[in-house]
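My entries are below the structure.

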Amino acid sequence: MNPQALMDGLITGSMIGLGAIGVTLTYSILRFANFAHGEFVAWGAYLALVVSGALGYLSGSLLTPIGPFSFGWSLPMAAVIAAALTAGLALLVDAVLFGPLRERRSAVIILVMASFGAALTLRNLLEFIFTSQPAYYTKALQIAFPLGGGLRATPDQLLTLGVAAVLVASVHILLTRTAIGRSMRAVSENQQLSGVVGIDVRKVIRMVWMLGAGLACIAGVMAGLLVQIRPQMGLDLLLPLFAAAILGGIGSVPGAMLAGLIVGLAEALAVQLIGAEWRSAIAFVILVMILLLRPQGLFGRPE
Amino acid sequence: MILDLMAYGAFFLTMALTYAIICLGLNVQWGQTGLFNVGIAGFVAIGAYVSALLTTPDAPGRFGGFDMPIAIGWLGGALATGFATFLVGALTIRLRADYLAIATFGVAVAVQLCVLNLEPVTGGPFGISFIPRPFASVAGNPSLFSALNLAVLAAIVILLYLALERLARSPWGRVLRAIREDETAALALGKNAVRLRLQAFAIGGAIMGLAGATQAHFIGFIAPDNYMPTLTFQVWAMLIVGGSGNNRGAILGAVVVWGIWAVSASAVSTVFPTEQQARAASLQIVMIGAALCAILLLRPRGILGEVRMFHRVGPATGNDQPPDPPVNEPLHAEKP
Amino acid sequence: MTAAGSNSPVLSTQALVAGYERDLPIVRGVDFSVQTGDFVVLLGPNGAGKSTLVKTIAGLVPVHSGTVLLGGADITAMPSHEKIRHGLAFVPQTENIFATLTIHENLQIAANVLPKERRNDRIGALYAMFPDLGSRPSHRAGQLSGGQRQMLAVARALVVEPSVLILDEPSAGLSPKIVSEVFDRIAAINDAGVTTVLVEQNVKAALAIADRAVILVEGLVAHEGVASQLADDPIVAELYLGVRHTKNPVSS
């Protein structure tokens, strides 16, 4: 694999990984595949666009690029605010749609269908508000500098990789070392018993939505920074997200991240070998292979 | 004027009936068997492209066409889609219910990509045109032409309806319903249950393929844009409005939703200026998406779902039982 | 064992009707009460609603009508995660521990209900009480044997120092030797002052350790009495519990 494809693959892979963590968490705790998760990525990207625009309008100095990066302080600030807003959006969707369906003990598949309807609604709402024209956080162009070994990367790309690594490590620590993480693992194993031992399952579900949507938002901001922002970006990411979540093993955070990197690298390799137009087919091929060979994924428990 | 209206009416109904066929196919998969297909657009596309390849005249620079009779094209489209559905089902039907959904979603993405990129076979973004239309010899007489087309579609829908009703009442259909409603029955049947569900999934897929084929021949050309996720979503809206598990509802739902879609589309084109129309069209999907969610929440049996031939419990899991009192409810309460 | 008959009941149900389906109640109007310190065993044929009754008390089955009182307070509509904060601990029959978590994590989750400063003390106290668990806190609970799992489930329930401990067939799936160990433990816990409600199929063993027995048939209380007397009553035993008496068969 040529070194540049490796860098591209790692970057795409880390975005897929962050999104897949949300998919895997909501899947393992709410027990359904949420087709609307990709829309949290897209909404996160657009919310950050709006907030960073507003911040830049309030204080022009926030737009001055920080050091070697292409963006000013407005973007990281906007990313944090947008992550909170996206978490709020996820809570809202849960409150009006998934929550009532859960109360009614609806079948898994009804929840999947509802998420499908929610995805279409959210995506087309974005298209209505922002049109299908791509948008960008910054117009500045960056020059990739050599890292050695034929590898080149822009400062933005390296920052993105670093942020992704920090976020994954934090989520992993949250899940393994804290009380709320223990509760999440308990709820994902047995919801009824969780209630019996005193865990407020609804609170845990809210936490999971917020965490998943927040990470999705950051993935969206990264994609927007390195590529572009489009209403369809969530739809395009959906299959890679599912492929990564299943490949990693449902419920496994390190698995989702590793699998995200694998999917990203495979896509980059495919772009090199068979052409960019087939990129989106890779996630499908990976999905079919996992389902054939190891449906429980790399780190999953067999059912 | 009246003639115009009738011509439009015939066109509208014919189109609606092609959707009704897709809906009947989906009803075999979902209503009868409880299998969730999110890749309808992909399966419909397979039927359309296979039939187009088989029946179009030989095209320079493109694989095929084979200039075969339309009926062969339709049959080929149905069989090819049935086979593709069988493969997807065989891969996922033993796994979690939503893996099937994810896999079918993947199929739709992959099919979309293939028709777009395999230009020597599918014509790429330009699609395939000159697909022979039934009764082309009377095309000079528009009202007779559209009446005949409508009649063919109506005949297919009626035949399918009768066949599916028979199937639903046959031992095969009864076992399928038993499997869907009772997990212990499904477990007791073991491998047989898997086989039956797979058969139902493939039959439903073949019907969708047939629908894709008839649609392609009715319009005369196809392109990748016709098979976007919106199509999947429209068909789901149709089945849910009609009430799942109910073949008459599936047909009625198709006509009603297609009607709402057509009316709202024409409203969009008259109300909004040209440059805003793409934007307004997305609002159309927003509204219908919200309606889909609302129906799931408020009337899980579908708007027309009360018309039913069998007395039975609703789709898949008791989701339409009256809501229980607000006791802390586990998602998977174990019954004693 | 002292039956504290004169106290006001710590736990009671009044005309309780409950079940998963609205038109199909499994518990059909049960009046049931337990005095402080008492050890009550719930018996009855399969499908009598014993398990459903205790699950309903624990908040896992929808209540159609009637009330559940704990220490005089109405807890009928209280979600299950609140009930444990009010001193009602429930040990389900199966899947009563988190198999993917460690022993320590299982207890930590339960201790989370307590004020911060008491958590470690309570876990330490339980490790002292169950040395089998204390010797390997970072073991995955899923790797424990059946008897050890039951002990972990009981320990977990005791973390909060409950006023009432409800156990749903702790003997299910255990070998007879392990069952007697588990029952000895439960008797000891009751002796230490924890009010105990036990659902059991294992009639003789249960009657041997309980103070009082309540027999449910078809969702209703069919009989109740002192456990030791019930054990000797051939008619009750045969009618409701399917216990065959080889000596002195009752002639018709």
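The notes start with conventions, then go through a helix pair, a sheet and a chain contact.

I am reading a predicted model, where local features need pLDDT of at least 70, side-chain atom pairs count only at pLDDT 80 or more, and totals for chains, interfaces and linings use all residues. Residues are numbered from 1 along each chain as its sequence is written, and chains are lettered from A and ligands numbered from 1 in the order in which they are written.

**Helix pair, A and C.** I looked up α6 (residues 179-189) of chain A and α3 (residues 103-111) of chain C; their axes come within 10 Å and cross at roughly 105°. Axes are lines fitted to C-alpha atoms, for helices over the stretch in contact, with angles from 0 to 180 degrees between N-to-C directions. Helices are DSSP runs of H or I, at least four residues; strands are runs of E, at least two; both are numbered from the N terminus. A:Arg182, A:Ser183 and A:Ala186 meet C:Glu105, C:Gln108 and C:Ile109 (contact: C-beta atoms, placed from the backbone, within 7 Å).

**Sheet, chain C.** I found an open sheet of 4 strands, ordered β2-β1-β4-β5, with antiparallel pairing (at least two DSSP bridges between two strands). β2 (27-35) and β5 (73-74) of chain C are its edge strands. I counted 6 bridges between β1 (residues 9-18) and β4 (residues 63-70) of chain C. C:Leu11 has C:Leu70 as its bridge partner.

**Chains A and B.** The contact takes 44 residues from chain A and 40 residues from chain B. On chain B, α3 (70-92), α4 (97-117) and α12 (277-298) each give two or more residues.

How values were computed. Two residues are in contact if their C-beta atoms, placed from the backbone, lie within 7 Å.
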